[in-house]
Amino acid sequence: MKILIKNAMILTMDENENIINRGYVLINNNVIEQVSSGDFQGQTSDFTIIDGKGYCVMPGLINCHTHAAMTLLRGYGEGLPLMRWLNEKIWPMEAKFKEKHIKLGTELAVIEMLRSGTTTFNDMYFLQNIVKEAAIESGMRAVLGIALIGDKWESQLKDACNLADTVINEKNDLIDTMFSPHSPYTLNEEALKEISSEAKRYNKGIHIHISETQDENNIISNKYNMTPCELLEKCGIFKNKTVAAHCVHLSKNDMDILSNYKVSPVYNPQSNMKLASGVAKAGEMLEMGINLCLGTDGTSSNNNLNMFEEMETGAMLQKLYYRDATKFGGKTMLKVSTVNGAKALNIKNLGSIKKGYKADMILINLNKPNMIPLYDIYSNIVFSANGSEVEYVIINGKIIMEKGNFVKIDEEKIKYECNKLCSTIV
C-alpha cells in the first residue's frame with residue numbers, strides 16, 4: 001500500500017531540523033520512501049492520496065511512561081500525597097482488576113492517545129498480554145512491561161519472561177517488551193539483581209520508577225545508606241538499557257550515574273505537579289547530554305494522556321524553575337517528545353519524517369484559530385496546540401484516523417462499555 005501526502009508543511013525532526021513549507025511524503029507499506037519539497041512527479045494511480053494543504057505533517061508523539069489501563073481510575077483518590085494515594089486508594093482498587101478491566105481501560109487509553117497524536121507508548125502494568133491484544137487491535141506501537149512489585153516478584157518475573165518469549169516469537173514490528181521493576185523501594189536487592197540478569201539474558205531494556213518523591217529517597221537512604229540511583233547501579237540495573245520514570249530528586253552524583261550508563265529519564269511534569277512530588281532538573285540533564293524523554297504517567301495522577309499538554313506544561317515549568325525564559329523552547333520540547341523517545345525505547349528509525357524511517361506520523365490542522373498566525377511552527381505546536389488539531393494518524397504505514405474519524409476502532413462502543421464497567425467497581 002502506498003500513501004502520498006501532498007501540499008503539506010513537513011516538520012521532519014531530522015538531524016538537520018529541516019522544515020519543508022510545502023512538500024510531500026511518500027509512504028510505501030510501513031516505510032517512508034520519499035520526503036521532498038514541491039510536487040511528486042511519479043504516477044499515483046494506485047496510491048491513497050491525502051491532500052495536506054493547511055496541515056503540518058510531523059512525527060507521532062512518543063509517550064515514554066504510561067500505565068494505560070489506569071484510565072479506569074481517572075479522578076479516583078484525589079488530593080492525597082503519593083504514598084497515601086498508592087496505599088489507601090490505588091493499589092486496593094487495582095487488586096479488583098480482572099482481564100476485562102485491563103482490556104477496556106487500555107482501549108480507552110488508546111483512543112485518548114491517538115486523538116492527541118501519540119503513536120507509541122511505553123507501558124508498565126499488569127496483565128500485559130491483554131494490553132498487547134488491545135494495542136495490536138488498535139494498530140498502535142507499544143513497548144510493554146509487566147509491573148514487578150512486592151513479595152510476588154518471582155512469579156511476576158516468570159510472567160515477564162513468558163511475555164518476552166511471546167513477543168520475540170510473534171515478531172510483530174509494532175510490539176516490543178521491557179522488564180519493569182516498579183521501583184527500588186518496592187523490591188529488595190535480590191529481586192533487582194535477578195530482574196537485571198533476566199533483562200540481560202533477553203537483551204531487553206528496563207523500565208522503572210526512580211526518585212519520584214523525597215519519601216522514596218529517604219526510605220532507600222535509611223535502609224541502604226544510598227540514593228536509589230546508587231542502589232540500582234550496585235544491583236546492575238543500569239547495565240541494561242534503562243528508561244527511568246520521574247527522576248525528580250537526583251543528586252549531582254545521581255545524574256552522573258545516569259549519564260555514564262546512558263539512562264533515559266522520563267520527565268512527567270503534570271503528574272509530578274499534581275502529586276506535589278517536585279520538579280525534575282530536566283534542563284541540567286539535557287545540558288549533560290542525557291537523553292531526556294517525555295511521558296504522561298497514568299491518568300489517575302495526570303489526569304489525561306495528552307502529550308501536547310505535557311509538552312506545554314513541561315516547557316513552562318522548566319522556564320519557571322530556572323527563572324530563564326530561554327530554557328526549553330518549542331524545538332527542544334518536540335525533540336524530547338519524538339527523537340529522544342524513540343532512542344529511549346531503542347526503536348530504530350523512528351521519531352523523524354525521513355527516508356527509510358518507520359511511517360508513524362500525524363497531521364495537525366494549521367487552520368484552527370489557536371494556530372494562527374504561524375511565525376514559529378515549533379512554538380505553535382508546543383505552546384498553542386492542545387491535541388484537538390490532530391486529524392490524521394498514520395502508524396506503520398496504515399491510516400488509523402482520517403479527518404478525525406477512526407478507520408476501524410469503535411470509539412462509541414468502548415466509551416459506553418467503560419462507563420458501564422466503572423459504575424460497578426467504585
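**Reading spaces, a helix and a core**

Reply: In this predicted model, the largest cavity has a volume of about 270 Å³. Rolling a probe the size of a water molecule over the atoms shows where empty space is left.

Me: Which residues lie closest to the centre of the largest cavity?

Reply: The lining of the largest cavity is made by 23 residues, and those closest to its centre are H67, M70, L86, H182 and H209. Two elements, α1 (82-94) and β7 (118-125), each give two or more residues to this lining, and the largest share, six residues, comes from α1.

Me: How much space lies in the largest pocket, and which element gives the most to its lining?

Reply: The largest pocket holds about 370 Å³ of space. Of its 14 lining residues, F126, L127, I146, Q156 and D159 are the closest to the centre. The elements that contribute two or more residues to the lining are α3, β8 and α4, with α4 giving the most, namely five residues.

Me: Since α4 has come up, how should I read a helix, and which residues of α4 are buried?

Reply: The general idea is that an α-helix has 3.6 residues a turn, so residues three or four places apart point the same way. Here, α4 runs over residues 153-170, and its 18 residues reach 25 Å from the first C-alpha to the last, close to the 26 Å expected. Its buried residues are W153, Q156, L157, A160, C161, L163, A164 and V167. They cover an arc of only 160° around the axis, which means that they lie on the same side of α4. The face turned away from that buried side carries the exposed residues K158 and N169.

Me: What covers the buried residues of α4, and what follows just after the helix?

Reply: The cover includes α3 (128-138), β8 (141-148), β9 (175-177) and α5 (189-202). Just after α4, K171 takes a positive phi of about 55°.

Me: Finally, how do I read a nonpolar core, and which residues touch the most other members of the largest one?

Reply: One looks for buried nonpolar residues joined through their side chains. In the largest nonpolar core, which has 111 residues, F179, I364 and I381 touch the most other members. Helix α2 (residues 99-115) gives the most to this core, with eight residues. Another core, of 19 residues, lies apart from it, and I5, I353, A359 and M361 are among its members. To return to I364, its contacts, leaving aside neighbours within four places in sequence, include Y55, F308, M371 and I381.

Technical notes
Residues are numbered from 1 along each chain as its sequence is written. This is a predicted model: local features need pLDDT of at least 70, side-chain atom pairs count only at pLDDT 80 or more; totals for chains, interfaces and linings use all residues. Side-chain values use heavy atoms; hydrogens and water are left out. Helices (H or I, at least four residues) and strands (E, at least two) are DSSP runs, numbered from the N terminus. The expected span of a helix is 1.5 Å times one less than its number of residues. Buried means under 20% relative accessible area, exposed over 50%, partly exposed in between (1.4 Å probe, protein chains only). The arc is that of the directions from the helix axis to the C-beta atoms. Contact means heavy atoms within 4.5 Å. A nonpolar core is a set of buried Ala, Val, Leu, Ile, Met, Phe, Trp, Tyr and Cys residues joined through side-chain atoms within 4.5 Å. On a 1 Å grid over the protein atoms alone, a cavity is a set of points where a 1.4 Å probe fits but cannot get out, and a pocket is an open set with protein on both sides within 12 Å along at least five of seven lines; lining residues have an atom within 4 Å of a point. Grid points are joined across faces, edges and corners, and a volume is the space filled by probe spheres set on the points.
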